[in-house]
Amino acid sequence: MRIIIGMTGASGAVYGVRLIDRLRDEGCEIHAVMSPAWRQSAAQEGIAPPKPAKNIRIYEPENYNVPIASGSEHFDGMVIAPCSGSTLACVASGINRHLIHRAAEVQLKERRRLILLFRESPLSLIHIQNMERVTLAGGIVQIAAPHFYQSPQTVQELADTVITRTMQLLFIGSAASTTLPLPSTNRYEP
Ligand SMILES: Cc1cc2nc3c(=O)[nH]c(=O)nc-3n(C[C@H](O)[C@H](O)[C@H](O)COP(=O)(O)O)c2cc1C
(Lines give C-alpha, C1' and ligand atoms only; values in the text may rest on other atoms or scores of the structure.)
Protein backbone atom coordinates (compact mmCIF):
# COMPACT_ATOMS: atom_id res chain seq x y z
CA MET A 1 0.00 0.00 0.00
CA ARG A 2 1.09 3.59 -0.68
CA ILE A 3 0.57 5.75 2.41
CA ILE A 4 1.16 9.48 2.93
CA ILE A 5 2.32 10.58 6.37
CA GLY A 6 2.09 14.25 7.35
CA MET A 7 3.77 15.32 10.57
CA THR A 8 2.84 18.69 12.12
CA GLY A 9 3.92 20.83 15.05
CA ALA A 10 1.82 19.31 17.82
CA SER A 11 3.23 17.38 20.75
CA GLY A 12 3.75 13.69 19.99
CA ALA A 13 6.37 13.70 17.22
CA VAL A 14 6.99 10.08 18.21
CA TYR A 15 3.60 9.08 16.74
CA GLY A 16 4.57 9.92 13.16
CA VAL A 17 8.03 8.40 13.44
CA ARG A 18 6.67 5.20 14.97
CA LEU A 19 3.92 4.99 12.36
CA ILE A 20 6.52 5.19 9.59
CA ASP A 21 8.53 2.37 11.23
CA ARG A 22 5.53 0.11 11.55
CA LEU A 23 4.16 0.77 8.06
CA ARG A 24 7.60 0.06 6.62
CA ASP A 25 7.66 -3.24 8.54
CA GLU A 26 4.32 -4.09 6.88
CA GLY A 27 5.86 -3.50 3.44
CA CYS A 28 4.14 -0.17 2.72
CA GLU A 29 5.54 2.51 0.44
CA ILE A 30 5.72 5.68 2.55
CA HIS A 31 5.56 9.28 1.33
CA ALA A 32 6.31 11.60 4.26
CA VAL A 33 6.38 15.35 4.81
CA MET A 34 7.15 17.30 7.98
CA SER A 35 5.86 20.84 8.50
CA PRO A 36 8.31 23.55 9.58
CA ALA A 37 6.63 23.63 13.01
CA TRP A 38 7.14 19.85 13.37
CA ARG A 39 10.88 20.44 13.52
CA GLN A 40 10.44 22.75 16.52
CA SER A 41 8.17 20.47 18.53
CA ALA A 42 10.17 17.35 17.59
CA ALA A 43 13.42 19.02 18.71
CA GLN A 44 11.76 19.89 22.01
CA GLU A 45 10.84 16.21 22.41
CA GLY A 46 14.23 14.85 21.33
CA ILE A 47 12.86 13.16 18.20
CA ALA A 48 15.03 13.03 15.05
CA PRO A 49 13.43 13.47 11.62
CA PRO A 50 12.97 10.32 9.54
CA LYS A 51 15.50 9.83 6.73
CA PRO A 52 14.84 8.82 3.12
CA ALA A 53 15.35 5.08 2.63
CA LYS A 54 14.08 2.19 0.54
CA ASN A 55 10.28 2.65 0.39
CA ILE A 56 10.49 5.93 2.35
CA ARG A 57 10.30 9.16 0.37
CA ILE A 58 10.55 12.53 2.14
CA TYR A 59 9.19 15.76 0.61
CA GLU A 60 9.87 19.42 1.33
CA PRO A 61 6.77 21.11 2.81
CA GLU A 62 6.88 24.05 0.38
CA ASN A 63 7.13 21.92 -2.79
CA TYR A 64 3.76 21.29 -4.45
CA ASN A 65 5.23 19.80 -7.61
CA VAL A 66 5.18 16.26 -6.22
CA PRO A 67 2.91 13.21 -6.61
CA ILE A 68 1.13 13.56 -3.24
CA ALA A 69 -0.16 17.02 -4.27
CA SER A 70 -2.06 15.56 -7.23
CA GLY A 71 -5.28 13.58 -7.39
CA SER A 72 -4.15 11.73 -10.50
CA GLU A 73 -1.58 9.76 -8.48
CA HIS A 74 -3.12 6.97 -6.42
CA PHE A 75 -2.41 6.68 -2.71
CA ASP A 76 -4.26 4.30 -0.43
CA GLY A 77 -4.49 6.60 2.56
CA MET A 78 -3.00 9.47 4.50
CA VAL A 79 -2.37 10.00 8.20
CA ILE A 80 -1.43 13.32 9.83
CA ALA A 81 0.44 12.28 12.97
CA PRO A 82 0.50 14.29 15.08
CA CYS A 83 -2.08 16.78 13.81
CA SER A 84 -2.05 20.31 15.28
CA GLY A 85 -5.07 22.54 15.78
CA SER A 86 -3.73 24.77 13.02
CA THR A 87 -3.51 21.95 10.50
CA LEU A 88 -6.97 20.69 11.52
CA ALA A 89 -8.28 24.19 10.73
CA CYS A 90 -6.53 24.28 7.35
CA VAL A 91 -7.87 20.86 6.36
CA ALA A 92 -11.38 21.78 7.55
CA SER A 93 -11.39 24.96 5.48
CA GLY A 94 -9.44 23.85 2.40
CA ILE A 95 -6.54 26.25 2.98
CA ASN A 96 -3.04 25.14 1.91
CA ARG A 97 -0.29 26.66 4.04
CA HIS A 98 2.05 23.80 3.09
CA LEU A 99 2.15 20.47 1.27
CA ILE A 100 0.52 18.50 4.12
CA HIS A 101 -2.64 20.58 3.75
CA ARG A 102 -2.70 20.11 -0.03
CA ALA A 103 -2.18 16.34 0.24
CA ALA A 104 -5.03 16.11 2.78
CA GLU A 105 -7.29 18.20 0.53
CA VAL A 106 -6.57 15.79 -2.33
CA GLN A 107 -7.39 12.75 -0.19
CA LEU A 108 -10.76 14.24 0.73
CA LYS A 109 -11.68 15.30 -2.79
CA GLU A 110 -10.74 11.87 -4.16
CA ARG A 111 -12.78 10.20 -1.36
CA ARG A 112 -9.73 8.38 -0.03
CA ARG A 113 -8.93 7.56 3.57
CA LEU A 114 -7.63 10.47 5.66
CA ILE A 115 -6.88 10.14 9.38
CA LEU A 116 -6.04 13.15 11.57
CA LEU A 117 -4.29 12.02 14.74
CA PHE A 118 -5.25 15.13 16.63
CA ARG A 119 -3.26 16.43 19.62
CA GLU A 120 -4.53 19.41 21.54
CA SER A 121 -6.19 19.84 24.91
CA PRO A 122 -8.54 21.24 26.05
CA LEU A 123 -10.70 21.75 22.97
CA SER A 124 -12.22 25.06 21.95
CA LEU A 125 -15.49 25.25 20.04
CA ILE A 126 -13.36 26.05 16.97
CA HIS A 127 -11.54 22.69 17.28
CA ILE A 128 -14.84 20.86 17.75
CA GLN A 129 -16.47 22.55 14.76
CA ASN A 130 -13.42 21.87 12.59
CA MET A 131 -13.53 18.20 13.60
CA GLU A 132 -17.17 18.12 12.58
CA ARG A 133 -16.37 19.59 9.16
CA VAL A 134 -13.55 17.14 8.51
CA THR A 135 -15.70 14.21 9.66
CA LEU A 136 -18.60 15.23 7.43
CA ALA A 137 -16.18 15.53 4.50
CA GLY A 138 -15.17 11.87 4.99
CA GLY A 139 -12.08 12.24 7.18
CA ILE A 140 -11.46 10.41 10.46
CA VAL A 141 -10.40 12.36 13.55
CA GLN A 142 -8.52 10.03 15.90
CA ILE A 143 -7.57 11.55 19.24
CA ALA A 144 -3.93 10.95 20.21
CA ALA A 145 -4.93 9.47 23.57
CA PRO A 146 -2.88 6.42 24.61
CA HIS A 147 -4.42 3.63 26.69
CA PHE A 148 -2.93 1.75 29.60
CA TYR A 149 -4.56 -1.70 29.47
CA GLN A 150 -1.26 -3.46 28.66
CA SER A 151 0.81 -1.49 31.22
CA PRO A 152 3.16 0.19 28.69
CA GLN A 153 6.68 0.64 30.12
CA THR A 154 8.27 2.91 27.51
CA VAL A 155 7.29 5.94 25.43
CA GLN A 156 7.36 3.71 22.34
CA GLU A 157 4.99 1.18 23.92
CA LEU A 158 2.69 4.02 24.95
CA ALA A 159 2.76 5.50 21.44
CA ASP A 160 2.07 2.05 19.97
CA THR A 161 -1.24 1.84 21.84
CA VAL A 162 -2.37 4.73 19.62
CA ILE A 163 -0.56 3.74 16.42
CA THR A 164 -1.95 0.18 16.44
CA ARG A 165 -5.42 1.72 16.28
CA THR A 166 -4.33 4.05 13.45
CA MET A 167 -3.15 1.02 11.48
CA GLN A 168 -6.48 -0.70 12.06
CA LEU A 169 -8.17 2.37 10.57
CA LEU A 170 -5.86 1.96 7.54
CA PHE A 171 -6.73 -1.78 7.32
CA ILE A 172 -3.05 -2.68 7.71
CA GLY A 173 -1.59 -5.61 9.65
CA SER A 174 -3.97 -7.22 12.14
CA ALA A 175 -6.55 -4.72 10.91
CA ALA A 176 -7.37 -7.13 8.10
CA SER A 177 -9.78 -8.85 10.48
CA THR A 178 -11.69 -5.72 11.44
CA THR A 179 -14.85 -4.55 9.74
CA LEU A 180 -14.57 -0.79 9.94
CA PRO A 181 -16.75 1.17 7.52
CA LEU A 182 -15.27 2.90 4.49
CA PRO A 183 -14.96 6.69 4.62
CA SER A 184 -18.30 8.43 4.71
CA THR A 185 -19.47 9.86 1.41
CA ASN A 186 -21.42 12.56 3.28
CA ARG A 187 -20.86 16.02 1.95
CA TYR A 188 -20.51 18.98 4.25
CA GLU A 189 -23.78 20.86 4.47
CA PRO A 190 -23.53 24.19 6.30
C1 LIG B 1 7.06 22.75 21.56
C2 LIG B 1 5.74 23.02 20.87
C3 LIG B 1 4.65 22.23 21.15
C4 LIG B 1 3.41 22.47 20.54
N5 LIG B 1 2.37 21.64 20.82
C6 LIG B 1 1.19 21.81 20.17
C7 LIG B 1 0.13 20.87 20.39
O8 LIG B 1 0.25 19.91 21.14
N9 LIG B 1 -1.00 21.03 19.67
C10 LIG B 1 -1.17 22.07 18.78
O11 LIG B 1 -2.23 22.15 18.17
N12 LIG B 1 -0.17 22.98 18.58
C13 LIG B 1 1.00 22.87 19.24
N14 LIG B 1 2.03 23.76 19.02
C15 LIG B 1 1.77 24.91 18.14
C16 LIG B 1 1.93 24.57 16.66
O17 LIG B 1 3.25 24.14 16.40
C18 LIG B 1 1.59 25.81 15.80
O19 LIG B 1 0.21 26.09 15.92
C20 LIG B 1 1.96 25.67 14.36
O21 LIG B 1 1.47 26.79 13.63
C22 LIG B 1 1.41 24.40 13.74
O23 LIG B 1 1.72 24.43 12.36
P24 LIG B 1 1.57 23.12 11.47
O25 LIG B 1 0.22 22.56 11.74
O26 LIG B 1 1.71 23.64 10.07
O27 LIG B 1 2.69 22.21 11.83
C28 LIG B 1 3.27 23.54 19.63
C29 LIG B 1 4.40 24.34 19.34
C30 LIG B 1 5.61 24.09 19.95
C31 LIG B 1 6.79 24.96 19.61
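On a 1 Å grid over the protein atoms alone, a cavity is a set of points where a 1.4 Å probe fits but cannot get out, whereas a pocket is an open set with protein on both sides within 12 Å along at least five of seven lines; lining residues have an atom within 4 Å of a point. The structure holds one cavity of 30 Å³ or more. The model is predicted, so local features need pLDDT of at least 70 and side-chain atom pairs count only at pLDDT 80 or more, while totals for chains, interfaces and linings use all residues. Residues are numbered from 1 along each chain as its sequence is written, and side-chain values use heavy atoms, with hydrogens and water left out.

**Cavity and pocket**

- Volumes are the space filled by probe spheres set on the grid points, which are joined across faces, edges and corners.
- The largest cavity holds about 30 Å³ of space, and its lining consists of M34, R39, I58, Y59, E60 and P61.
- For the lining classes, Ala, Val, Leu, Ile, Met, Phe, Trp, Tyr, Cys and Pro count as nonpolar, Asp, Glu, Lys and Arg as charged, and the others, Gly among them, as polar.
- The lining of the largest cavity comprises four nonpolar, no polar and two charged residues.
- The largest pocket contains about 200 Å³ of space.
- Twelve residues line the largest pocket, and V91, A92, G94, L108 and A137 lie nearest its centre.
- The lining of the largest pocket divides into six nonpolar, two polar and four charged residues.
- At least two residues of the pocket lining come from each of α3 (85–93), α4 (99–109) and α5 (125–136); helices (H or I, at least four residues) and strands (E, at least two) are DSSP runs, numbered from the N terminus.

**Nonpolar cores**

- A nonpolar core is a set of buried Ala, Val, Leu, Ile, Met, Phe, Trp, Tyr and Cys residues joined through side-chain atoms within 4.5 Å; buried means under 20% relative accessible area, exposed over 50%, and partly exposed in between (1.4 Å probe, protein chains only).
- In soluble globular proteins, nonpolar side chains tend to be buried together.
- The largest nonpolar core has 27 residues, of which I5, Y15, L19 and L23 touch the most other members.
- This core draws at least two residues from each of β1 (2–7), α1 (13–25), β2 (29–34), α2 (36–44), β4 (77–83), β5 (113–118) and α6 (155–169).
- A second, separate core of 23 residues includes Y59, A104, F118 and V134.
- Leaving aside neighbours within four places in sequence, L23 is in contact (heavy atoms within 4.5 Å) with I3, I5, C28, I30, M167, L170 and I172.
- Y15 lies in helix α1 and counts as buried because its relative accessibility is 8%.
- With neighbours within four places in sequence again set aside, Y15 is in contact with A81, L117, A144, P146, A159, V162 and I163.
- Y15 and A81 are 66 residues apart in sequence, with 5.9 Å between their C-alpha atoms.

**Helices α3 and α5**

- The buried residues of α3 are G85, T87, L88, C90, V91 and A92, and their cover includes β4, α4, β5 and α5.
- G94 follows α3 and has a positive phi, near 75 degrees.
- H127 is placed in helix α5 and is buried because its relative accessible area is 15%.
- Apart from neighbours within four places in sequence, the contacts of H127 are G85, L88, F118, E120 and P122.

**Salt bridges**

- A salt bridge is a side-chain nitrogen of Lys or Arg within 4 Å of a carboxyl oxygen of Asp or Glu; by this rule the count is ten.
- E73 and R2 meet in a salt bridge at 3.3 Å, N to O.
- This pair links distant parts of the chain, 71 residues apart: E73 is in the loop between β3 (56–59) and β4, and R2 is in strand β1.
- E73 is partly exposed at 31% relative accessible area, as is R2 at 24%.
- R102 and E105 form a salt bridge whose closest N and O atoms are 2.9 Å apart; both residues lie in helix α4, three residues apart, about one turn of the helix.
- E120 and R119 are joined by a salt bridge at 3.5 Å, N to O; E120 is partly exposed at 34% relative accessibility.
- A network of salt bridges links R18, D21, R22, R24, D25 and D160.
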